[in-house]
Amino acid sequence: MTDQNKVELLAPAGNLEKLKIALNYGADAVYGGTSTFSLRIRSGKEFDMESYAEGIAYAHARGKKVYSTVNSFPFNSQMKLYENHIAKIAELKPDALIVSSPGVVKIANRIAPDIPIHLSTQANVMNAMDAEVYYDLGVKRIIVAREISLKDCEAIKHHLPDLELEIFVHGSMCFAYSGRCLISSLQTGRVPNRGSCANDCRFPYEVYAHNPESGTTFRLDEEEGIGTYIMNAKDMNMASHIDEILKSGVIDSLKIEGRTKSPYYAAVVTKAYRHAIDDFYANDFDAARYQAELNTTQNRGFTDAYLLSRPFDRSETESNEFSIQYGTHQVAGLVLEDGLTWKCKDKTCVGDSVEIVLPLDATVELVDNEIGKIEEIEGKYWLTFKKMLSESGKEFECIHSGDLNNILLPTKLPGYTILRREIAEALENKGLTESSTPMKQEQAVKPTSKDIK
């Protein structure tokens, strides 16, 4: 099977660094935006036109794609601003524009007729009739509603075989219908569908009863262990079902959520799904292998969401006991793009050993010198520090998170290599325990025997 026939892996690009990391760890394409017209204002502000143009050039030089997000919903007063923004983005020649509104579809067709249009999941397409409306408007790809089933995707593809379908397979989920939420607007004035959601659904809530006749208000006691995170949706995790999805033959792109997530998330999640896709085509699919890596990331607990089961069949899509939990690992450092130095992300001292996580298909030299030792143990690479030396020659016993010094490596590593350690060790190094921190340490749902066929 050629690469052209394989399903696309689409990863988030919240800024230029994460764009490069996602591509180096196996993404075929990335998505992101430059302004408040994107539904992620924070990540949009991390890109300006210059860095965004650099990111597009970086992707195209590697045969990869960039899809530009213009997927918020405009007011009448903003229509001219949208036109100007689309015109500027079109000059950078992204590979598609992701939009949500039928009106913006028409604007994009007029201003940038040569750039394909992808319809955002915010448009809530769940059936062939709605898909046909947008297809007739000129939409090339629909990012279907997160509540859709695989059978409905098959029905759409049967009705419109030339229409590309993209589905989310991993990342944060909104408890509201395809993200159509107003809680953040009501409580903080930050509008979710304008890209500034305050994630109010992730907070703990207490329940009260009020008697309007007497004016009495009292708090309702909650059952121990049930918790107060009543709207906190678990994170989607479809890695164990990639084989089922690809066997259907109707999905063109698998999308990872997370433009505001960490560089580590962008790297590890992208690489896990890259392996899942490639292993499927090589008849070597192993769900446990991908889940082990995904469990290293921070998460709200995992769910396989709705693609293979209807929403009303599900009873475990909310994480009621906690807002977010540790993964199995903590990032210790990130190797800079030149591969010669690294930046500290977690306290690391002389004598510490950290695991080396490489970009896709990268290799590492085994060395033992005055700076450190790199060795392979049971199929994993480990770096033990013998000396902490900065580029300027300053020597340290320990480096702490946020230190701005670039620390030398014992040998050149591939750019954006990640250094990590198990979370228990990371907490112990800081004198912490699970009970002294706000995040749980328990692990997400592991694949069942059914998943590991």
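Strands here, like helices, are DSSP runs numbered from the N terminus, a strand being E over at least two residues and a helix H or I over at least four.

A word on the source. This is a predicted model, in which local features need pLDDT of at least 70 and side-chain atom pairs count only at pLDDT 80 or more, while totals for chains, interfaces and linings use all residues. Residues are numbered from 1 along each chain as its sequence is written, and side-chain values use heavy atoms, with hydrogens and water left out.

I return to the opening pair and the sheet around it. Strand 16, residues 353-357, and strand 18, residues 380-385, pair in the antiparallel sense over four bridges; two strands are said to pair if DSSP finds at least two bridges between them. Within this pairing, W382 of strand 18 is the bridge partner of E355. Strand 18 also pairs with strand 17, residues 372-377, again in the antiparallel sense, over six bridges. There, E376 stands opposite Y381 of strand 18. Two residues lie between the strands in the hairpin of strand 17 and strand 18, and E378 in that hairpin takes a positive phi near 50°.

Which strands make up the open sheet, and in what order? Seven strands form an open sheet in the order 17-18-16-23-13-14-22, with antiparallel pairing. Its edges are strand 17 and strand 22, residues 407-408, each of which pairs on one side only.

Parallel pairing is found around strand 3. Strand 2, residues 29-32, and strand 3, residues 65-70, pair in the parallel sense over four bridges, and A29 stands opposite K65 of strand 3. Strand 3 pairs in the parallel sense with strand 4, residues 96-99, as well, also over four bridges; here T69 has I98 of strand 4 as its bridge partner. Is strand 3 mostly covered or mostly open? Five of its six residues are buried, and strand 3 is thus mostly covered. Buried means under 20% relative accessible area, exposed means over 50%, and partly exposed lies in between, with a 1.4 Å probe and protein chains only.

Next, helix 10, residues 263-281. At 1.5 Å a residue its 19 residues should span 27 Å, and the end C-alpha atoms are 27 Å apart, which agrees; the expected span is 1.5 Å times one less than the number of residues. Of those 19 residues, 15 are buried, so helix 10 is largely enclosed by the rest of the structure. Just after helix 10, N283 takes a positive phi of about 60°.

I turn to the cysteines. How many disulfides are there? The count is one, taking a disulfide as a pair of cysteine sulfur atoms within 2.5 Å. It joins C349 to C398, with an S to S distance of 2.0 Å. C349 lies in strand 15, residues 348-349, and C398 in strand 21, residues 398-399, so the pair ties together parts that are 49 residues apart in sequence. The torsion about the S-S bond is about 105°, so this disulfide is right-handed. C349 is buried at a relative accessible area of 14%, whereas C398, at 23%, counts as partly exposed.

C344 is buried, with a relative accessible area of 3%, and C153 is buried at 0%.

Finally, the cavities. A search of the whole structure finds two of 30 Å³ or more. On a 1 Å grid over the protein atoms alone, a cavity is a set of points where a 1.4 Å probe fits but cannot get out, and lining residues have an atom within 4 Å of a point.

The largest cavity holds about 70 Å³ of space. Its lining includes V144, R146, F168, M238 and Y306, and divides into 10 nonpolar residues, no polar and one charged.

The second largest cavity has a volume of about 30 Å³. Among its lining residues are H170, D235, K261, Y265 and N299; by class, the lining has two nonpolar, five polar and two charged residues. In this classification Ala, Val, Leu, Ile, Met, Phe, Trp, Tyr, Cys and Pro count as nonpolar, Asp, Glu, Lys and Arg as charged, and the others, Gly among them, as polar. Volumes are the space filled by probe spheres set on the grid points, which are joined across faces, edges and corners.

Methods: On a 1 Å grid over the protein atoms alone, a cavity is a set of points where a 1.4 Å probe fits but cannot get out, and a pocket is an open set with protein on both sides within 12 Å along at least five of seven lines; lining residues have an atom within 4 Å of a point.
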